There are 2 protein chains.
Amino acid sequence: MNKKVTIEKKVLSENDRLAAEIRQKLSKRKILTLNLVSSPGSGKTSLLEKTLITLKDKLKMVLIAGDVQTENDADRLKKAGGKIVRPIVTGGACHLDAKMVGNVLNGLNIDDVDVLFIENVGNLVCPSSYDLGEDKKVVLISTTEGDDKPLKYPSMFRRSSVMVINKIDLLGLSDFDPEKVKANALQINGNLKIFELSCRSGVGLDVWCNWLVEAATAKK
Amino acid sequence: MNKKVTIEKKVLSENDRLAAEIRQKLSKRKILTLNLVSSPGSGKTSLLEKTLITLKDKLKMVLIAGDVQTENDADRLKKAGGKIVRPIVTGGACHLDAKMVGNVLNGLNIDDVDVLFIENVGNLVCPSSYDLGEDKKVVLISTTEGDDKPLKYPSMFRRSSVMVINKIDLLGLSDFDPEKVKANALQINGNLKIFELSCRSGVGLDVWCNWLVEAATAKK
């Protein structure tokens, strides 16, 4: 197994090199870049759909949507008004890597873009190891998933800057305690910025969108 | 990357060898072995808790509970009456492998056991590649996750024999369409045996438990 570990280290260090190139390219253009990560079905695509609709006149947004198979997410984002949406189908791989993202960016004109969203593969483990050149990882957790997830999957919460608790319209229908999930997440990473919202009911989306505009403006 | 692929193939073929040993050991003792896989938070532990309580006088059950960090799931299963419960903390790894399971089994007396449940790490991608010597993979999906998941994560549904749709008490509170998820899953794997239930309300658990008893009896 040592040989496997050595190879993995090499793959990760090559990934870090490519991610640094991407970060430099995006920083030069003052583009806020967010890497959205979560379990399958926490609501990454739903959050991006709502964000696109709400901020379409305020921000120029580009979206890269990763999936193991299908371009379903990219199709949904185009329907929600996304003008520049690019799918990445990993064909089995459990995460996006910097090479995949770099290849997509090479084919795009991003000169006047404000925000780049990268929607990662739904997986709360593997994508935590792969830097994509983003400013921040945004980890989503939904109220139907259990409030102990930050403790059980600590790496993702440690490496994220923002946590979005989605589906708060379903609070009370499970044993999920939002105070407990926040305490668990902050125990892993005391610097997490936390949002609580529901993509379905719309509650809390304004706070998220205001923060996005501010963060994009601060990059300029 | 070719070198990485070669190493991965070697790791998988060594895993298959160990899984075959485990399968032989369990078959000799006529133990029904189920490998439970799903996204984080779909309800693998909840389903096992309910199963332990319902079938405690009918079946002798052993449980192996895998997690990236913490022994939370194993602790829950012990509280639910699990007499032989063993945790595996992978320490970062995104799946269980046959070596981890084999090591646990080597320390157990399983001579008069009816059913072995292996609760995998919450991850809808990577555990699909690792045979653990089970009779069947049981994939869970909850009604809050989106009905297109079988199409987006096809490998797991292709390699599973059983699909459990959990949290049907929450139907109607999202856009999840149970008929659509069944059609999508059967499109990937026409042989899937499907259960619909709610661990919270208890609906449908009797059908699942009856099937388990029958399947365990059929192994004898």
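Trainee: Which hand does the crossing of H2(B) and H3(B) have?

Mentor: Look along the pair: a crossing is left-handed if the near helix is turned anticlockwise from the far one by less than a right angle, and right-handed if clockwise. Here H2(B) passes H3(B) in a right-handed crossing. A quick note on the source: this is a predicted model, where local features need pLDDT of at least 70 and side-chain atom pairs count only at pLDDT 80 or more, while totals for chains, interfaces and linings use all residues. Residues are numbered from 1 along each chain as its sequence is written, chains are lettered from A and ligands numbered from 1 in the order in which they are written, and side-chain values use heavy atoms, with hydrogens and water left out.

Trainee: At what angle do H2(B) and H3(B) cross?

Mentor: Two packed helices are described by the angle between their axes and the distance between the axes. Axes are lines fitted to C-alpha atoms, for helices over the stretch in contact, with angles from 0 to 180 degrees between N-to-C directions. Helix H2 (residues 44-55) and helix H3 (residues 72-79) of chain B cross at roughly 20°, their axes coming within 9 Å. H2(B) and H3(B) are therefore roughly parallel (under 35 degrees; over 145 is roughly antiparallel, 65 to 115 roughly perpendicular, the rest oblique). Helices here are DSSP runs of H or I, at least four residues, and strands are runs of E, at least two, numbered from the N terminus.

Trainee: Is Val62(A) buried or exposed?

Mentor: Buried means under 20% relative accessible area, exposed over 50%, partly exposed in between (1.4 Å probe, protein chains only). Val62(A), in strand S2 (residues 61-67) of chain A, has 1% relative accessibility, so Val62(A) is buried. Beyond four places away in sequence, Val62(A) touches Ile84(A), Leu108(A), Val113(A), Val115(A), Leu116(A) and Phe117(A). Val85(A) is 23 residues from Val62(A) in sequence, yet 6.1 Å away in space, C-alpha to C-alpha.

Trainee: Which residues touch the most other members of the largest nonpolar core?

Mentor: A nonpolar core is a set of buried Ala, Val, Leu, Ile, Met, Phe, Trp, Tyr and Cys residues joined through side-chain atoms within 4.5 Å. Among its 40 residues, Phe157(A), Met163(A), Phe157(B) and Met163(B) touch the most others.

Definitions and conventions. Contact means heavy atoms within 4.5 Å.
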